[in-house]
Amino acid sequence: MSSTRLPLPPLDPEERWALCINLLMTQGLMLAVGIIASIMLVGFASGDWLDATIGLGWLRAIARSLTTLPAFPTVAIACVAAAIFCVVAWTSERRALRTESGRASVFNSRRGVNGELPRLPLPALVVLTAIIGIAEELVFRFALIGIVVAVLTTALPSVLAVFIGLFVSSVAFWFAHVRYRDLATTVLTLVLGFGLGVLFLATNSLAVTALAHALYDLTVLVIERIQIRRDPDYFDGPAPTRALLDQLEAEDARTAA
């Protein structure tokens, strides 16, 4: 591996816009799902569906979760959690690179969208990871865990209901990340989902988990950006430039056929 700083391989301009627009659209949909799920959560928990909807009970519940902790503990806990998640991700990748199947999985991932996202402009990465952190934590931790616990505690012990909520949330989080389907990335995604779930249950703070998630994503992308500039063999071949557009065109061709 060379220590020379290489230029980032350029992305196709259309691909750059496609990545940003695709992420904004999917996270916009995620936010909409999160709002609907938050309404359901407040409705199930309180039994007052009128307040949960027209009375904006869902919005008050989100606001309470965002302000559960003061600013300094929120940032401190989120930074520590993000650092731990990054260490787990780095260790997982180092371990995968030791085997032929693991190396194939890592390089296959780098040749797709995962190899393009770190090459977006840094301001775009900051904005996108912030949106992803808020949208995904609203759905998978705040709303989904809350709904499962609110529904199951009527028939099951609260500890069991919480465990089931944590399990359902982690699996749903993995299922939503369709790019991660091999063994190594499946385990890492489930561990991340489980860790964020535990963090939410321990703090009851949407702000903590959203910030930890965003910081984790941003840190991983920045580290990958640095690796790309230092390792000429990072992609084990040509750098991807149109992975998303090629995927969309292939789907269109299959549909037309």
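**Exercise 1. Overall size**

*Solution.* The model is predicted. Step two: look at the chain. Along the principal axes, the C-alpha atoms fill roughly 60 × 45 × 35 Å.

**Exercise 2. Secondary structure and contacts**

Count the helices and strands, then describe how contacts span the sequence.

*Solution.* Step one: the chain has 10 helices and 0 strands. Step two: write the order along the sequence. The pattern is α-α-α-α-α-α-α-α-α-α.

**Exercise 3. Surface and charge**

Describe the surface, the buried share and the charges of the chain.

*Solution.* Step two: of the 257 residues, 42% are buried. Step three: there are 19 positive and 20 negative charges, and their mean positions lie 7 Å apart.

**Exercise 4. Arg110**

Is Arg110 buried or exposed, and what does its side chain reach?

*Solution.* Arg110 is in helix H5, residues 100-110. Step two: apply the cut-off. Buried means under 20% relative accessible area. Arg110 has 7%, so this residue is buried. Step three: follow the side chain. The side chain of Arg110 reaches the backbone oxygen of Tyr234 at 2.9 Å. Step four: list contacts, not counting residues up to four places away in sequence. Arg110 touches Glu93, Arg94, Gly115, Tyr234, Phe235 and Pro240.

**Exercise 5. Gln27**

Locate Gln27, and name its contacts beyond four places in sequence.

*Solution.* Step one: Gln27 sits in helix H1, residues 13-46. Step two: its relative accessible area is 5%, so Gln27 is buried. Step three: beyond its neighbours within four places in sequence, Gln27 contacts Ile131, Ile132, Ala135 and Glu136.

**Exercise 6. Trp58**

How many residues separate Trp58 from Val80 in sequence, and how far apart are they in space?

*Solution.* Step one: Trp58 belongs to helix H3, residues 57-66. Step two: Trp58 and Val80 are 22 residues apart in sequence. In space they are 29 Å apart, C-alpha to C-alpha. Step three: check burial. Trp58 has 15% relative accessibility, so this residue counts as buried. Step four: leave aside neighbours within four places in sequence. Trp58 then contacts Ile35, Ser38, Ile39, Val42, Ala52 and Thr53.

Notes:
Residues are numbered from 1 along each chain as its sequence is written. This is a predicted model: local features need pLDDT of at least 70, side-chain atom pairs count only at pLDDT 80 or more; totals for chains, interfaces and linings use all residues. Side-chain values use heavy atoms; hydrogens and water are left out. Helices (H or I, at least four residues) and strands (E, at least two) are DSSP runs, numbered from the N terminus. Buried means under 20% relative accessible area, exposed over 50%, partly exposed in between (1.4 Å probe, protein chains only). Accessible areas come from the Shrake-Rupley method with a 1.4 Å probe; for residues, only the protein chains shown count as cover. Lys and Arg count as positive and Asp and Glu as negative; His and the chain ends are not counted. The place of a charge is taken as NZ of Lys, CZ of Arg, CG of Asp or CD of Glu. A polar contact is a pair of N or O atoms within 3.5 Å; within protein, one must be able to donate a hydrogen and the other to accept it, and residues adjacent in sequence count only if both atoms are side-chain atoms. Contact means heavy atoms within 4.5 Å.
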